[in-house]
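Colleague: I would like to go through this model with you, one question at a time. Please give the cut-offs as we go.

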Amino acid sequence: MTWVFWGGAALVAYTYFGYAGWLWLRSRWYPTEIQRGPYSPSISFVMVVRDEEHTLPRKLENLLTLDYPADLTQLVIVSDGSSDRTDAILREHASNPRITVVLTQLSRGKASGLNDALELAQGEVVVFTDARQRIEPCALRLLLENFADPTIGCVSGELMLGDPETGQSGKALAAYWRVEKQVRQMESAAKSVVGATGALYAIRQNLLVPLPEETILDDVYLPMHVVRQGFRVLFDSRARAWDSADLDAQREFGRKVRTLNGNYQLLQLAPWLLTSANPIRFEFISHKLFRLAAPFALIGILFASAVLPGPFYRSALFLQVIFYGSSTLALLGLKRGPLARMAEAAFAFVMLNTAAVIAFSNFIFGRKTLWDRQPPKAKMKTQPERRSVIGS
């Protein structure tokens, strides 16, 4: 039990503090320069949507009004078996020569939709985005400046949780994202980021590979293939997209489970990630895989604290019970004061690690998800695919 306690404590400490500390030292001892400069290639935005009638009009307006030449911009949008007004909205915009629309009657998942979009993308650089987030007007130009350096193959923007007018949210999950972005910033400064931000990232067209049909994390699978081909993947915090920080806890939990499912799936789709074929194998294991192991280490620490004798382990058990117990205060609606901040932090920590346990269960029992919300059964692929392409 002593080995369980201290082994678990070491793994948790490295996962949440040690890896970040190592990155901080390496990024300062061996920084890698980036030759940014004006760069204006032809670009293709690709986006897959399903049942996004409420967010799509604003997103299309956002993409069409970014600070970038219209004659160099193409939008390829795939509706993946939508059952609301999404298809009608896209048809209304298909007369715009900059927009190409693909409508599929059956929902096949985001990865299949992205493959359809990539077949039609004509730009030298392909920019990936989602329907919900709003991209800042200058973000695209800032993102593309990195491609002036020929060693850069992929660039990720920054996802901001909050409102562009009032700034970032101070909620616990937003605080988690701020820490995560610091890790990505240090990875970028030293070598390459392990993945990208799905809300906004760009890849040179000639470096793209087809996505396996059931891929969950395109924003990790594609960037890692860029790294495999000898190019760098950067994180640029100047290029920002905004999303609401007020998603309900159930939906945020579901999104996190899906993301962690995707980490397990990556090991099946790309086993080379654990071999010397992956130039950033150490970073991948430290950033992605240790976080999957952390909740089991936490369970081991809690159990060992309960059975080991001595005042030190009794104190460790007491502190753990207090920390985990405080997460229930966030569920009860405590909103102000230092106790509320601790409760929110504890709740976020417990939620993220619980999501990792459920993701492991999904992996073991083969449960799959292609979207944040599963498509209705009537839309599942049970008959020959029907697809129409509208626009230039």
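Modeller: Buried means under 20% relative accessible area, exposed over 50%, and partly exposed in between, with a 1.4 Å probe and protein chains only. Helices (H or I, at least four residues) and strands (E, at least two) are DSSP runs, numbered from the N terminus. This is a predicted model, in which local features need pLDDT of at least 70 and side-chain atom pairs count only at pLDDT 80 or more, while totals for chains, interfaces and linings use all residues. Residues are numbered from 1 along each chain as its sequence is written, and side-chain values use heavy atoms, with hydrogens and water left out.

Colleague: Which residues of H7 are buried?

Modeller: Helix H7 spans residues 218-228 and is mostly covered, since ten of its eleven residues are buried. Gly-230, with a positive phi near 95°, follows the helix. The buried residues of H7 are Asp-218, Asp-219, Val-220, Tyr-221, Leu-222, Pro-223, Met-224, His-225, Val-226 and Val-227.

Colleague: What percentage of the residues in the protein is buried?

Modeller: The protein has eleven helices and ten strands. Contact means heavy atoms within 4.5 Å, and among contacts between residues at least 6 apart in sequence, 80% join residues at least 24 apart. Of the 392 residues in the protein, the buried ones make up 50%.

Colleague: Against which elements do the buried residues of H2 pack?

Modeller: In helix H2 (residues 56-64), the buried residues are Leu-56, Lys-59, Leu-60, Asn-62 and Leu-63. They cover an arc of only 160° around the axis, so they lie on the same side of H2; the arc is that of the directions from the helix axis to the C-beta atoms. The face turned away from this buried side carries the exposed residues Arg-58 and Glu-61. The buried residues of H2 pack against strand S1 (43-49), strand S2 (73-80), helix H3 (86-93), strand S4 (125-129) and strand S5 (134-135).

Colleague: In the loop between S1 and H2, what is the phi of Asp-51?

Modeller: Asp-51 is found in the loop between S1 and H2. At 23% relative accessibility, Asp-51 counts as partly exposed. Although Asp-51 is not a glycine, its phi is positive, at about 55°.

Colleague: Which helix supplies the largest share of the lining of the largest pocket?

Modeller: On a 1 Å grid over the protein atoms alone, a pocket is an open set of points with protein on both sides within 12 Å along at least five of seven lines, whereas a cavity is a set of points where a 1.4 Å probe fits but cannot get out, and lining residues have an atom within 4 Å of a point. The largest pocket is lined by 32 residues, of which Val-12, Tyr-16, Phe-17, Phe-349 and Asn-353 lie nearest its centre. Helices H1 (2-29), H6 (172-190), H8 (249-269), H9 (281-307), H10 (311-331) and H11 (337-365) each supply at least two residues of that lining. The largest share, nine residues, comes from H1.

Colleague: What is the volume of the largest pocket?

Modeller: By class, its lining has 26 nonpolar, three polar and three charged residues, where Ala, Val, Leu, Ile, Met, Phe, Trp, Tyr, Cys and Pro count as nonpolar, Asp, Glu, Lys and Arg as charged, and the others, Gly among them, as polar. Grid points are joined across faces, edges and corners, and a volume is the space filled by probe spheres set on the points. For the largest pocket this volume is about 930 Å³.

Colleague: Which strand gives the largest share of the lining of the second largest cavity?

Modeller: A search of the whole structure finds three cavities of 30 Å³ or more, and about 40 Å³ of space lies in the second largest cavity. Its lining includes Val-46, Lys-110, Phe-128 and Asp-218. The largest share of this lining, three residues, comes from S1.

Colleague: How far apart are the C-alpha atoms of Ser-326 and Phe-347?

Modeller: Ser-326 has its place in helix H10 and is buried, with a relative accessible area of 5%. Not counting residues up to four places away in sequence, Ser-326 touches Met-342, Ala-343 and Ala-346. The C-alpha atoms of Ser-326 and Phe-347, 21 residues apart along the chain, are separated by 7.6 Å.
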